[in-house]
Amino acid sequence: MKKFWKILRKIMLWFFGLSIASVILFRWVPVPFTPLMVTRAIENKLDGKEMICNHDWVPIDSISVNLQKAVIASEDGTFTKHWGFDFGAMQKAFKNNNKGRRIKGGSTITQQTAKNVFLWQGRSYIRKAFEAYFTVLIELFWSKERIMEVYLNSIEMGDGVYGAEAASKYWYGHDVKSLTKDEAAGIAAILPNPRKYKPINSSAYIQKRKAKIKRIMRYVGRPDYLD
C-alpha cells in the first residue's frame, strides 16, 4: 500500500504541475490544436473521409466585436462578471437533468474553453470535475480577454471548421473582423451543433435562434475588457 500511495502521489504531482504549466503557457501562446480536432480527424480517417481541419488563429483585436457580443448573448450572458461558473444556470441545468436523467448545459464560456482546449468530449461527471479544475486555473491565470480569444479561436464552428477566422471565411467568404451583426448571430446560433446546423440558408430553428441572439445583443453592450 505504501508503494501504491507513493506512485499515486507522484502521478498527482505530475498532473498538477503539467496542468498548471500548460495553462500558464497558453496564456500567451496560441493553441495549435485541440483534442476535438484530433478526435474528428481520427473519426474521418476511420470512416474513409478526408481529414479536413480549417483553423486560422487570429488575435482578439482582429475578431469582430459583433461576434464577441453574439457568443456572450447566446452562450454566457454573465461572462464578464462571473469567475468561471454561472451557478444560476448550473442549478437550472441540474433540475432539468434530474427530470430528464441527462447531463446537460449550464456551461460558461470559460468552462467550454477548458473542455475544448484541455479535455475530451462527452458527458460524464468525471469529465465535469476535470472541467471545473481547469476552469478555476483559467480564471486564475488568464484575463477575460484572453479567455474570449482562445474560445473564439478554438471552438468548432462547422464540419472541419475551427475558430472564428476559418468560420467567417467558410460561411461568409470574408475575414472575421468584417462580420456584421446578422452574420455573427448566425455563427453563434449554430454552436450547439455546428456540424448539423448552418448559419446560411438555415432552418426555421436557427432563424429563431438568430433573431433571439440579435435581440439580446442590443443589451450586451461593449465587453468590459475592450474598454
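Trainee: Why is α8 largely enclosed by the rest of the structure?
Mentor: Because 7 of the 9 residues of α8 are buried, where buried means under 20% relative accessible area (exposed is over 50%, partly exposed in between; 1.4 Å probe, protein chains only). Please note that this is a predicted model, in which local features need pLDDT of at least 70 and side-chain atom pairs pLDDT 80 or more, while totals for chains, interfaces and linings use all residues. Residues are numbered from 1 along each chain as its sequence is written, and side-chain values use heavy atoms, without hydrogens and water.

Trainee: Which residues of α8 are buried?
Mentor: They are A164, E165, A166, A167, S168, W171 and Y172. Helices (H or I, at least four residues) and strands (E, at least two) are DSSP runs, numbered from the N terminus.

Trainee: And what covers them?
Mentor: The cover includes the helices α3, α7 and α9, together with the strands β1 (54-55), β2 (156-158) and β3 (161-162). Contact here means heavy atoms within 4.5 Å.

Trainee: What follows α8?
Mentor: G173 does, and its phi is positive, near 80°.

Trainee: Changing topic, what is the strand order in the sheet?
Mentor: The sheet is open, with 3 strands in the order β1-β3-β2 and mixed pairing; two strands pair if DSSP finds at least two bridges between them. β1 and β2 stand at the edges with a single partner strand each, so one side of each has no neighbour in the sheet.

Trainee: How do β2 and β3 run, parallel or antiparallel?
Mentor: They run antiparallel and are joined by 2 bridges. G158 has V161 in β3 as its bridge partner.

Trainee: How many residues are in the largest nonpolar core?
Mentor: There are 49, and L67, V71, F118, M148 and L152 have the most contacts inside it. Such a core is a set of buried Ala, Val, Leu, Ile, Met, Phe, Trp, Tyr and Cys residues joined through side-chain atoms within 4.5 Å. Helices supplying at least two of its residues each include α3 (65-75), α7 (144-154) and α10 (204-220).

Trainee: What does V71 touch, leaving aside neighbours within four places in sequence?
Mentor: V71 is in contact with D76, I109, M148, Y151, L152, A188 and L191.

Trainee: Lastly, how many helices and strands does the chain have?
Mentor: The chain has 10 helices and 3 strands. Its radius of gyration is 18 Å, close to the 17 Å of the globule rule for 227 residues, so it is as compact as a globular protein of that length. The radius is taken over C-alpha atoms, and the rule is 2.2 Å times the number of residues to the power 0.38.
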